[in-house]
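Visitor: I'd like to go through the ring contacts in this one. Can you put it up?
Guide: Here it is.
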Amino acid sequence: MKFLKLVGAAQRGRGVFSIQFYRDLKQKDMLWVLPLALLGILSALATMGFLIFQQFSSFYSLGLVLNQPALPFFFLTMGIWAFGFLTAIPLVFSLLYYSKDLPLLFSLPVSRGQVVLSKLAIIYGYLLAISLVFSTMMIAVLINMGAGNPAQFILIALGGFVLPLFPMALAVFFVAFFLRVIDFQRFRILFEVLGMFLALLLIMGINLLFSQTMADQGSMDNSLSGLAKMLSALIDRFPPAAWAAKALSRNSVADYLFFVMFSVAGVYVAWFFSTHTLAHILEKQSSKKRSSGRGQYRLAQTIGIVPALIKKDLFILVSNSTFIFQGMGEMLILPILLIIYSVAIPKEALEQMLQAIEAVSSWMPLIILGAASLFTGLTSFGCTTISREGKSIQLPLSLPLSGHVHFKAKMILHLAIYGSIFVIDSFILTLLFQLSLAQWLILLPAGLILVFISFTVGLWIDFSRPVLNWNHPMEAVKNNLNVLINMGILMAYMAVLGLGCYALVAYFHLSHEIVLTGLTVFLVFPAKLLYEKLKNRAVQFYSAGYPGSG
């Protein structure tokens with residue numbers, strides 16, 4: 001089938017998992033980056049899997065209490081559908097309707113339907129990764145609880161492949177419908193970003209619902225009875241999700257087949273509608289004279305060179321919903337989680353947690369430093385700074401400016417954003433775990449230096465292998481191996497620092513104030529070395545001209 005050849009060509013051509021990508025690494029003697037990328041992947045999967053495992057364990061326990069065996073599987077289905085739908089929206093925009101390779105694909109002897117089907121297959125691949133993580137954690141919960149059987153495990157594993165179909169179809173139909181009925185081009189970014197806030201509301205709603213319902217121990221029986229009725233009504237209102245939940249909880253093949261047929265039918269309807277919508281959009285675009293976009297990067301003499309370059313980088317960052325999703329998600333995930341749990345956790349549970357923490361209270365400043373540093377360091381912002389510019393980087397390269405000036409602008413922007421995020425994250429953690437203001441102030445310098453170090457490491461990687469020839473923004477951030485290399489390096493570096501701090505406290509009995517002060521002094525030296533090295537690297541990069549493919 002031709003659409004499979006198109007998918008294979010995309011897989012071989014570019015991306016982290018493309019065959020050509022590995023050939024390029026081997027040719028450049030850079031296969032050593034693969035272990036670091038693997039470490040980054042494992043770190044991300046472990047973090048995501050742990051959070052999902054905890055949530056599904058709570059759902060499973062609640063299902064036992066409420067005599068609702070299908071409850072955890074219902075939320076498994078709804079979780080994959082909700083996050084799949086919200087993830088698919090920007091993917092549909094970037095890959096299906098606004099991909100730069102569409103003119104080339106339409107010039108080939110293949111139908112529009114085959115092109116759309118190949119794009120849907122690629123989108124499905126992204127959602128499949130999310131679904132398999134959810135399904136694997138559900139199986140892990142059942143094994144941990146001593147429940148389930150091999151047949152059920154097989155159905156859940158197969159469900160991981162089927163469950164992404166419906167949210168993908170719904171997202172494709174949803175986007176196509178709005179492209180038909182409104183002048184979407186004017187409100188494109190705003191429309192796409194709404195999905196991110198819907199996802200945040202979803203997370204907050206789920207946590208608040210279950211924590212607050214169980215908080216009142218004095219009226220537990222009434223709470224459970226009311227919750228059981230509510231959940232039963234909720235399941236009945238979503239027959240497709242109920243089919244999947246009953247099929248997975250009862251090993252019902254009939255329900256499973258209904259669910260599969262429903263998902264496949266949804267994909268067909270979405271494919272048919274989006275094919276005609278794409279033709280409509282292309283005809284509409286061809287009738288308009290598109291702006292060349294000149295003047296976007298004009299340096300404003302009134303604000304200075306460095307502020308103008310900062311403004312240019314900010315413009316690139318907010319120019320596409322993919323960049324916005326990635327950046328906002330990385331910046332806000334920890335503050336949102338902390339706010340959710342500080343509000344949603346019942347008072348009694350929070351007091352018990354604080355009592356348990358008293359046993360390791362001397363470690364809390366170091367733990368807070370490590371947690372906040374990881375969440376602000378393991379990001380894609382610094383290691384895709386150059387890649388996000390794409391082919392438009394030819395204009396900055398042509399300017400009569402030293403690479404040091406470009407580097408300075410990028411450094412200021414990163415420290416302004418992620419330095420502020422570190423301050424906020426660490427302050428929320430300090431309040432949550434009832435540390436003193438003095439303890440928070442002592443850990444701030446070390447944390448801000450770690451933010452700078454993470455930026456310089458990421459930018460060095462992006463200077464070394466920028467991904468500039470991308471057709472859609474996904475290739476610049478989510479498909480960029482630089483992100484995984486950066487995560488691997490920083491995880492290893494943070495592990496070494498953590499072990500060093502642990503040894504100083506555990507074996508030399510130094511106080512956390514002395515350890516944090518010594519760590520701050522120590523970090524100054526690698527930070528200064530990285531600054532000088534990266535400044536010279538920036539000069540070389542911007543004086544060498546356009547590097548071509550990456």
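Visitor: How many aromatic pairs does the count come to?
Guide: The count comes to 19 aromatic pairs. Rings of Phe, Tyr and Trp (its six-membered ring) pair if their centres lie within 6.5 Å; planes under 30 degrees apart are stacked, over 60 edge-to-face, and the rest tilted. This is a predicted model, in which local features need pLDDT of at least 70 and side-chain atom pairs count only at pLDDT 80 or more, while totals for chains, interfaces and linings use all residues. Residues are numbered from 1 along each chain as its sequence is written, and side-chain values use heavy atoms, with hydrogens and water left out.
Visitor: What kind of pair do Trp81 and Phe166 form?
Guide: A tilted one, 4.5 Å centre to centre, with 50 degrees between the planes.
Visitor: Where in the chain are those two?
Guide: Trp81 is in helix α4 (residues 71–97) and Phe166 in helix α8 (residues 165–181), 85 residues apart. Helices here are DSSP runs of H or I, at least four residues, numbered from the N terminus.
Visitor: Is Trp81 buried or exposed?
Guide: Trp81 is buried, at 8% relative accessibility. Buried means under 20% relative accessible area, exposed over 50%, partly exposed in between (1.4 Å probe, protein chains only). Phe166 is buried too, at 18%.
Visitor: Which residues do ring pairs link into a cluster?
Guide: Trp81, Phe166, Phe259 and Phe262.
Visitor: New topic. What lies over the face of Phe381?
Guide: Arg388, at 4.7 Å from the ring centre. A charge sits over a ring if NZ of Lys or CZ of Arg is within 6 Å of the ring centre and within 35 degrees of the ring normal.
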